Amino acid sequence: MRDAENRIWSREGAVRMRSTKARRGAAAFAIVVSASIVLAACGGSSGGGGGGGSAGGKAPGLAKAECAPIKSVMTEYGDLSGKHVKVYTSVVAPEDVPQKNSYKLFESCTGATVDYEGSKEFEAQLVVRVKSGNPPDIAYIPQPGLLKTLVQTTGKVIEAPKSVVDNVDKWFGEDWKKYGTVDGKFYAPPLDANVKSFVWYSPKMFADNGWTIPTTWDEMLTLSDTIAATGIKPWCAGIGSGEATGWPATDWLEDVMLRDNGPDVYDQWVAHEIPFNDPKVAAALDRVGGILKNPKYVNGGFGDVKSIATTTFQDGGLPILDGKCAMHRQASFYAANFPAGTKIAEDGGDVFAFYLPVTNADQGKPVLGAGNFIAAFRDAPEVQAFQTYLSTDTWANEKGKATPNGGFVSANKGLDVTNVASAIDQESVKILQDPNAVFRFDGSDLMPGAVGAGSEWKELTAWITGESTKDALSKIEDSWPAS
Amino acid sequence: MSVPYKFGQMFIAIGAFVAVMGVVLFLADRVRSRKGEVVQTVVFVLPATLMIAFGLLYPGLRTIYESFKDASAQKFVGFDNYKTIFTSEDQITVLRNTAIWVIVTPVLATLIGLVYAVLIDKAKIEKFAKALIFLPMAISLVGASLIWKFVYDYKATENQQIGLANQVLKWLGLDTYRFLLTEPWNTIFLIVIMIWVQAGFAMTVLSASIKAIPDDIVEAARLDGVSGMRMFRYITVPSIRPSLIVVLTTISIATLKVFDIVRTATGGNFNTSVLAYEFYRQSFVSFNNGLGAALAVMLFILVTPIVVYNIRQMRKLEAR
């Protein structure tokens with residue numbers, strides 16, 4: 001036995017020696033390759049950097065007729081030919097095409113080039129890139145809370161120049177400016193927006209059954225009972241979204257908080273002036289539970305209450321098309337999830353959306369929404385020029401025209417509704433531009449990341465799968481960072 | 001900056017690197033005394049040491065240092081972060097899951113690989129059978145998780161099924177099952193994905209060492225009347241023991257670092273999170289730097305004994 005084992009080892013030894021040589025060769029190759037990559041990376045960033053000197057000349061394209069609308073705000077940045085602006089966003093194919101098309105005017109008028117980079121890992125990667133000293137020039141940040149974290153913990157976000165401030169004062173409401181402001185300094189103008197207080201339904205299905213669109217919460221529950229009596233589950237929902245699983249549930253809670261208690265209490269809740277497990281929040285969550293955790297109402301086309309947690313939000317509303325579900329609460333951007341050929345219209349359409357009814361007549365008709373904000377990380381004329389361009393009414397209209405299939409909404413007051421493609425988007429723009437509408441930003445996007453992108457998603461997911469309202473809210477409250 | 005320009009830069013960099021290394025090697029070769037050997041050694045070891053210090057040691061120490069600080073890495077909080085790991089209900093779940101992963105995955109993957117390797121050894125369809133179980137190795141963990149996520153997909157029994165597993169249950173006349181949602185079995189179902197991928201690795205390595213068992217040993221054992229289970233127990237397993245240990249430890253280390261599967265399949269929800277995923281979540285999603293660093297240190301502490309054991313085992317082999 002001993003002998004035999006020895007033979008095994010000696011054979012392995014021979015193999016080992018042979019592979020050692022091969023390994024040495026591989027190691028040498030690896031060193032050469034990695035060293036050259038490091039060197040190349042070091043060289044890479046030098047070109048785009050300081051190019052402030054050439055400002056003041058006249059941009060080659062600004063004299064063109066189509067550049068007239070942005071001539072006045074762009075002239076101060078001069079000739080930007082050969083300059084590059086690196087944009088980093090969460091918008092990936094195919095939605096990135098309209099984005100890129102809407103930059104063409106800027107590129108032809110100023111001579112600068114926009115280098116677009118979209119990533120599904122945007123939110124996590126942006127922080128890593130900024131912290132490690134490799135930030136993009138411009139990033140579209142979907143959460144004011146993230147902007148705040150970036151400003152306070154890295155200090156790398158550049159304050160908006162005067163031209164941007166002027167644009168925002170002119171084209172946006174005071175509240176939108178506030179979302180881009182951290183500690184009294186204004187950093188990021190809004191890019192786009194969306195309206196979340198919508199319930200998707202099938203106008204055909206409603207017409208066939210003689211159902212009417214509810215205007216109060218109680219009417220909506222009565223309608224749900226009527227639908228449930230026919231054997232159809234009236235509601236369908238999905239909160240699955242990979243790492244962000246749970247966010248659609250936070251939107252439900254925010255919408256109801258806003259409706260039950262009005263904008264002032266909502267602001268206090270978001271700012272943590274009232275605790276997350278306040279009885280008012282508990283009452284709001286229980287109201288949400290009256291639908292989402294009601295086995296008679298959910299989950300049409302998927303299964304029972306728990307199936308909400310494993311259904312992706314993209315799939316959540318699709319059973320409406322099969323007649324297996326009647327209502328689905330989701331933002332204006334959900335339109336993009338219906339298959340091509342779906343008729344989105346109020347009269348005889350396959351799907352359309354109505355305004356999520358109010359619960360408390362005293363609080364008016366509040367609207368919940370969200371949007372992206374344009375943050376700059378490099379202090380250079382071409383970057384400022386691009387940030388300025390994006391905050392003009394011209395860009396909003398360009399983007400509207402460049403998005404023929406719908407899916408673009410902005411709170412920009414200069415956006416002409418006729419330039420927006422879909423009926424839902426037009427509705428959203430009207431709501432956002434209405435000076436009397438009480439608009440509030442998605443609360444989880446305003447809260448600190450540990451809550452808004454952490455415990456709130458997680459606990460509301462656990463709440464769907466069985467956790468009590470009290471436990472879920474207490475755990476979120478406990479996770480609020482002390483500061 | 002144009003592409004040719006970047007390429008030019010790259011070639012210049014490679015050229016410079018080759019030139020510098022050439023000079024170093026030439027000089028080191030010229031010194032041919034006993035002292036010269038020391039110089040040679042230093043010249044060769046120094047770059048690697050510097051790179052390891054810069055790329056491994058410094059970040060490691062820095063992580064340990066930050067694990068004693070608060071969420072935004074401003075104030076020192078002592079052992080608070082570690083206390084959280086062992087007291088907070090969520091973090092205890094994470095530790096429990098990690099333990100389940102590390103115990104179940106290597107044992108099952110190796111066992112399945114071993115039994116499979118023995119069963120198909122010298123069989124007619126050996127090559128085909130090997131390819132079959134080795135194929136998943138070629139799929140990335142994210143890809144594998146996506147595939148299994150569809151397999152596990154849940155719809156209530158009366159609905160049309162997308163998930164293969166639930167369709168099978170339906171054919172058998174059973175109710176559909178929430179594979180990814182029902183605790184604590186969901187962790188086991190995630191582990192199945194890892195085993196699916198790793199069993200091929202275990203099978204390949206073990207099959208090779210089974211083939212390396214000298215025929216005379218096997219024959220001698222046969223003459224002594226050993227066969228079947230006893231042959232497996234007394235001849236095969238002892239002969240391939242070193243390979244078994246390598247396979248077990250390698251899969252253990254891979255399992256401790258498991259991240260892709262949890263992230264892709266459940267996003268850490270339904271109490272399926274593990275250390276490697278949780279430290280990423282805390283650091284980059286919740287911006288709780290301190291706790292994230294502490295979790296990373298925990299992971300490091302857990303991996304170390306396995307790595308040490310692995311190295312010791314290799315040394316033992318070399319000493320023989």
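Predicted model: local features only at pLDDT ≥ 70, side-chain atom pairs only at ≥ 80, totals over all residues.

1. A:H272 sits in the loop between α11 (247–270) and α12 of chain A. Its backbone is worth a look too: phi of A:H272 is near 65°, a positive value in a residue other than glycine.

2. Is B:F270 buried or exposed? With 24 other C-beta atoms within 10 Å, B:F270 is buried, since 20 or more is what that class asks for. You will find B:F270 in the loop between α12 (260–265) and α13 (275–285) of chain B.

3. Two peptide bonds deserve a visit. In chain A, the bond that joins A:V298 and A:N299 is cis, with omega about 10°; A:N299 belongs to the loop between α12 (279–292) and α13 (307–310) of chain A. In chain B, a cis bond runs from B:E183 to B:P184, with omega near -10°, and B:P184 is placed in the loop between α7 (164–171) and α8 of chain B.

4. Now step back to chain A as a whole. How many helices and strands does chain A have? There are 20 helices and 13 strands. Of the 483 residues in chain A, 47% are buried. Take the contacts in chain A between residues at least 6 apart in sequence: 74% of them join residues at least 24 apart.

5. A helix pair in chain A comes next. Helix α7 (residues 162–171) and helix α15 (residues 381–390) of chain A have axes that come within 9 Å and cross at roughly 5°. Angles under 35 degrees count as roughly parallel, so α7(A) is roughly parallel to α15(A). A:S163, A:V164 and A:N167 of α7(A) make the contact with A:Q384, A:Q387 and A:T388 of α15(A).

6. For a second pairing, turn to chain B. Helix α4 (residues 89–120) and helix α11 (residues 241–256) of chain B pack at an angle of about 140°, and their axes are 9 Å apart. That angle makes α4(B) oblique to α11(B). The crossing of α4(B) past α11(B) is right-handed. From α4(B), the residues are B:W101, B:V102, B:T105, B:P106, B:A109 and B:T110, and they meet B:L244, B:V247, B:L248, B:I251, B:S252, B:T255 and B:L256 of α11(B). Here the residues of the contact divide into nine nonpolar, four polar and no charged.

7. What about the nonpolar interior? In soluble globular proteins, nonpolar side chains tend to be buried together. The largest nonpolar core in this model counts 179 residues, and A:A375, A:F386 and B:A202 have the most contacts inside it. Helix α8 (residues 185–211) of chain B gives the most to this core, with 13 residues. Which residues does B:A202 touch, leaving aside its neighbours within four places in sequence? B:A202 is in contact with B:A109, B:T110, B:G113, B:L114, B:V247 and B:I251.

8. B:V262 is in helix α12 of chain B and is buried, with 27 other C-beta atoms within 10 Å. B:V262 and B:V142 are 120 residues apart in sequence, with 9.4 Å from C-alpha to C-alpha. Setting aside neighbours within four places in sequence, the contacts of B:V262 are B:L190, B:G268, B:T272, B:S273, B:V274 and B:Y277. B:V24, in helix α1 (residues 3–30) of chain B, counts as partly exposed, with 15 C-beta neighbours inside 10 Å. B:V24 and B:T84 are 60 residues apart along the chain, and their C-alpha atoms are separated by 51 Å.

Terms used: Residues numbered from 1 in each chain as written. Chains lettered and ligands numbered in written order. Axes fitted to C-alpha atoms, helices over the stretch in contact; angles between N-to-C directions. Helix = DSSP H or I, 4+ residues; strand = E, 2+ residues; numbered from the N terminus. Parallel < 35°, antiparallel > 145°, perpendicular 65-115°, else oblique. Left-handed = near helix turned anticlockwise from the far one by under 90°. Contact = placed C-beta atoms within 7 Å. Nonpolar A, V, L, I, M, F, W, Y, C, P; charged D, E, K, R; others polar. Buried ≥ 20, exposed ≤ 12 C-beta atoms within 10 Å, placed from the backbone. Core = buried A, V, L, I, M, F, W, Y, C linked by C-beta atoms within 7 Å.
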